[in-house]
Amino acid sequence: MCDQFSEASGWSLGFVELETHAETRTEQLTWAWHSDVSDGEQRLGSLFLNPPQSESTTVTFPTAYQLAELFSSQLNRSLRFQRLLRQQSHEIGAFVNPEEGFGPQSFGNRLRGLLRASVTLTNFRSAALFVLDPVGSGVRLRFTHPQNQASMPSPLRDFAISPPDFDALQHGHAIVRRGEFDRYEDWLPREATIGVCVAIQNDSGPIGTMWLFDRRHHEPDAKELALLRGFGRQIADAFERLVLLRDSETKERMSRELDIVASATPCYLDSSTSYPGCEVAVRLCSHHEVGGDLCEAIQIDDDRTVIVLGDASGDSLPAAVVMQTTRGGMHALLAEHGTDLPPVNELISTLNEAITRVTATQQFISFIFGIYDRRTSQFTYTNAGHPPPLLVRNGEITQFRSHGLLLGVLDSATYGAEDVQLQPGDLLVFFTDGITEARGLDEAMFQHAGVKKSLSAAGGSSAREVLEAIWSDYERHTGGENNDDRTLMVMRVVES
């Protein structure tokens with residue numbers, strides 16, 4: 001367009017974008033005339049008119065100046081209408097197609113579109129939307145149409161001073177006429193003679209108010225009030241959809257965070273592994289996406305293997321947090337001492353003190369920590385309130401003992417320890433209460449008796465075969481109904 005102007009007039013008309021203009025000092029530019037280019041909200045650049053390079057042009061400066069002024073005003077007007085058209089298109093799109101792309105941006109467009117439609121269809125001059133503040137003590141201005149928000153009096157309206165908005169929320173609507181009540185004068189814009197306030201609410205309660213203003217004494221009839229209440233319901237629906245959207249986003253975020261926790265907290269584990277002097281079979285199943293059961297076998301050198309089993313209080317994420325805290329503390333202690341481990345009861349006392357310090361009062365975990373040394377065939381363990389493991393030797397079953405409180409109950413708790421001399425073929429069976437307290441169809445629990453019965457039938461099988469035998473009887477007892485995390489570990493001593 002600048003090129004066409006220059007060709008027709010002989011005077012050189014150019015456009016400099018705002019970014020380019022900012023980089024070029026104004027005094028470095030020469031012109032006979034210049035004007036800003038704007039869409040009504042933001043400046044886009046400048047037009048510059050320079051004298052003709054040829055003396056043959058017949059267009060004088062006054063004529064070129066007038067043509068450039070006309071060109072500039074028409075250009076700015078066109079840009080302003082383009083901006084308004086884009087804005088209205090977004091608003092109408094959100095108003096007509098509320099199902100498409102509903103988000104924070106389209107939510108605002110939809111509200112603006114509803115305010116615009118309420119003004120257009122009822123022939124009021126302007127509209128404003130006030131939204132209930134978070135504590136419910138008043139309403140706050142959110143949107144206006146078409147006037148600027150700065151022209152709206154009392155953008156924050158406290159219910160303690162009984163604004164008309166409070167009356168509208170109580171009775172459905174309120175009408176304020178200038179000169180009728182002095183106390184209502186402050187609620188009308190300066191140019192308004194009348195204001196109609198409509199309550200916006202849904203089944204969950206009040207959301208805010210919508211105001212319509214006019215310079216005339218525009219008394220709304222029953223049809224107009226019904227129409228305004230309809231717009232109020234539309235606005236309430238938009239807010240409800242936004243709440244649902246945010247709830248959905250919150251659930252998605254929590255699901256992603258839960259996936260991160262679950263990646264470090266296996267909800268299912270099934271393995272059979274050989275360690276120095278023993279073989280260990282493990283099966284862990286969480287009732288939820290994450291659980292509170294802890295089960296590990298850790299080889300610390302060529303002769304010793306650490307056996308760990310725990311069950312955190314509660315279920316799902318709270319239990320998983322306690323379990324991971326305990327697991328992290330245990331690995332930190334093992335890494336600190338390396339192969340020179342202190343007595344197991346001292347190590348557990350240190351772990352208990354740390355857990356008690358960082359967990360809530362109602363959070364604790366039962367815990368077994370044992371070390372098997374193949375050189376001495378000795379299993380040294382301490383039991384902090386966990387269901388006692390079982391020792392199977394030549395068909396005879398012996399129950400281990402407990403040595404102290406659960407971890408996380410009392411920071412000054414002390415723990416005992418015990419040495420168990422093992423022989424090749426011996427079985428050690430560990431489990432959480434998800435196994436022993438599982439109820440069958442007759443409401444009877446599986447208990448230690450169920451585990452012992454399975455062991456008697458299994459005989460001198462491998463660790464994996466014994467685990468499968470116990471698990472099959474457990475599943476048969478419960479009928480496949482599992483309402484808790486459940487873990488089973490079988491350790492079998494083999495010839496060194």
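This is a predicted model: local features need pLDDT of at least 70, side-chain atom pairs count only at pLDDT 80 or more; totals for chains, interfaces and linings use all residues.
1. The largest nonpolar core has 26 residues, and the members that touch the most others are M330, I348, L351, F367, F369 and L407. Two or more residues each come from β12 (293–299), β13 (304–312), α7 (316–337), α8 (344–358) and β14 (365–373). Helix α7 is the greatest contributor, giving 6 residues. As background, nonpolar side chains in soluble globular proteins tend to be buried together.

2. The model contains 18 salt bridges. One of particular interest to a reader of the sequence joins E279 and R492, with N to O at 4.0 Å. Because E279 belongs to strand β11 (residues 278–285) and R492 to strand β20 (residues 486–493), this pair ties together parts that lie 213 residues apart in sequence. R492 has a relative accessible area of 22%, so this residue is classed as partly exposed, given that buried means under 20%.

3. Another salt bridge links the side chains of R304 and D301, at 2.8 Å from N to O. Here the arginine is buried: the relative accessible area of R304 is 14%.

4. Within helix α11 (residues 463–478), E468 and R464 are 4 residues apart, which means that about one helical turn separates them. These two residues form a salt bridge whose closest N and O atoms are 3.0 Å apart. Both ends are partly exposed, E468 at 30% relative accessibility and R464 at 22%. The pair also belongs to a network in which salt bridges with shared partners join D270, R283, R464 and E468.

5. How is β19 joined to β16 and β20? Strand β16 (residues 390–393) runs antiparallel to β19 and is joined to it by 3 bridges, while 5 bridges join β19 to β20, also in an antiparallel arrangement. L427 takes part in both pairings: L427 is the bridge partner of V392, and in β20 the bridge partner of L427 is R492.

Definitions and conventions:
Residues are numbered from 1 along each chain as its sequence is written. Side-chain values use heavy atoms; hydrogens and water are left out. A nonpolar core is a set of buried Ala, Val, Leu, Ile, Met, Phe, Trp, Tyr and Cys residues joined through side-chain atoms within 4.5 Å. Buried means under 20% relative accessible area, exposed over 50%, partly exposed in between (1.4 Å probe, protein chains only). Two strands pair if DSSP finds at least two bridges between them.
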